[in-house]
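User: I am new to this structure and would like a short tour of it. Could we begin with what is packed inside?

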Amino acid sequence: MLIIQRLYIKEFLKVLTILGGGISVVFSIIGLIDKIDDFMPHSPSFGLLLKYTFFSIPRYTHYLLPMAILLSSLFIFSQAIKRKEIVAIKAAAGKMKTMLSPFVAIGVILTLFAFILGEIIVPVTSKKIHAIKNKITKKEKGVTFKEGTLYMRGKDGSIVRISLYLPDRNISRGVSIFKFDAEGLKERIDAEVAEWEGSAWKLKNITLYEIEKGKTTAIKEMVYPAIESPKIFQEDMWKVEEMTMLELVKYQRRLGEAGFKNIKLIVDISSRLSYPLINLFMLLLGISLSIGGDFAEQRLLKLIASQKIKEGAVGSGIIAAGLGLMISLIYWFGYSLFLSLGYAGTLPPIVAPWIVPIMFAGVSVYLYNQIPE
């Protein structure tokens, strides 16, 4: 590897670490401030608040990494343009794509890092954040949720298992209620379906097992008020960010087997693959916009030399930051828009999360190929 390549890689990674880490910490602190009104009545310790902020950092890093990559690449290579380094490399018969090839590999590594971050680290830290919130508010976790199955304790002391809960419809399938006394299991109630009717759950197609009497009774429907309302136990259910893609796929498969199609869940699963890819293309885009041809180079130099902007690193840094923020906002707006269209069913749920990343991929690859040797 050439000395100039090592220099650019070192500077890029340094700026990316400082910028990405700094922005993530700032957003984590803002997130804590947003929750402080809910936390302060419970007099939380400084340690718990610090843990809440710390475990929030990976989530914001995952969301903000594409912007940090774009800003870092624009800044590093705009500085190279300012210092005439690119002109010197070309004058020495240096091949630009050869010099930039390590950055393509770095883009791939950053994409893999973003995928691992979103699939392993973010779900774990999100669960910890949930646990810290419950600890601060002194709320005991009364519900266990895994791949759509809920386990909870009823108001009458019974144990309730819901094989499949559909939160968007307030419908439960495969409900089993276990009642105990001092001698053990006294009664079991199995219901095919349970529907929330505003004040209580209505069980349908029920089989009642009276263990002590050895009797089995079939009941068409009955109201069972001892199960908590959906509003109560939905707070303890796993959110999408707390589940890995494999868990989401298993949950979606169970919904499909039950005859239900959750469009939002399909969109979220697809976005788990599409979002990390943008990191590679943001890096290519930042490089291409900085040194992609004579027009881009001359335009950047003209902006840096403009009387309206202070010359030097600060001036070119302002240009890079402004351009990076503008592109990032365009990406996030477009990505969120197409996700919303996927959630609404206007676009195929599998396709919706890929439209904007593919558009940015096409533009970035085209501009990168236009970089003259």
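Analyst: This is a predicted model. The largest nonpolar core has 43 residues, and those that touch the most other members are Tyr 8, Phe 12, Phe 77, Leu 100, Phe 103 and Ile 291.

User: Which elements give two or more residues to this core?

Analyst: They are α1 (3-39), α2 (46-82), α3 (85-91), α4 (96-136), α7, α9 and α10 (355-369). The largest share is that of α7, which supplies eleven residues.

User: And what does Leu 100 touch?

Analyst: Not counting residues up to four places away in sequence, Leu 100 touches Phe 77, Ile 287, Ile 291, Tyr 368 and Ile 371.

User: Let us turn to the rings. How many aromatic pairs does the structure hold?

Analyst: There are ten aromatic pairs. One of them joins Phe 54 and Phe 55, with ring centres 5.4 Å apart and planes at 70°.

User: Why is that pair edge-to-face?

Analyst: The planes of Phe 54 and Phe 55 stand at 70°, and an angle over 60 degrees counts as edge-to-face.

User: Are Phe 54 and Phe 55 buried or exposed?

Analyst: Phe 54 counts as exposed because its relative accessibility is 53%, and the cut-off for exposed is over 50%. Phe 55 has a relative accessibility of 18%, so it counts as buried.

User: What about the pair of Tyr 275 and Tyr 335?

Analyst: That pair is tilted, with 5.6 Å from centre to centre and 55° between the planes. It links distant parts of the chain, as Tyr 275 belongs to helix α7 (residues 263-291) and Tyr 335 to helix α9 (residues 313-344), 60 residues apart. Both Tyr 275 and Tyr 335 are buried.

User: Which rings are linked into a cluster?

Analyst: Tyr 8, Phe 12, Phe 77 and Phe 103 are linked into a cluster by ring pairs.

User: Where do charged side chains sit over rings?

Analyst: Arg 59 lies over the face of Tyr 60, 5.2 Å from the ring centre. The charged end of Lys 264 is over the ring of Tyr 343, at 5.0 Å from its centre.

User: Back to the helices. Where is the kink in α4 centred?

Analyst: The kink in α4 is centred on Leu 117 and amounts to about 40°. Just after α4, Lys 138 has a positive phi of about 55°.

User: In α2, is Ser 56 buried or exposed?

Analyst: Ser 56, in helix α2, is buried, with a relative accessible area of 1%. Leaving aside neighbours within four places in sequence, Ser 56 contacts Ser 28 and Ile 129.

Definitions and conventions: Residues are numbered from 1 along each chain as its sequence is written. This is a predicted model: local features need pLDDT of at least 70, side-chain atom pairs count only at pLDDT 80 or more; totals for chains, interfaces and linings use all residues. Side-chain values use heavy atoms; hydrogens and water are left out. Rings of Phe, Tyr and Trp (its six-membered ring) pair if their centres lie within 6.5 Å; planes under 30 degrees apart count as stacked, over 60 as edge-to-face and the rest as tilted. Buried means under 20% relative accessible area, exposed over 50%, partly exposed in between (1.4 Å probe, protein chains only). Helices (H or I, at least four residues) and strands (E, at least two) are DSSP runs, numbered from the N terminus. A charge sits over a ring if NZ of Lys or CZ of Arg is within 6 Å of the ring centre and within 35 degrees of the ring normal. A nonpolar core is a set of buried Ala, Val, Leu, Ile, Met, Phe, Trp, Tyr and Cys residues joined through side-chain atoms within 4.5 Å. Contact means heavy atoms within 4.5 Å. The bend at a residue is the angle between axes fitted to the seven residues ending there and the seven starting there.
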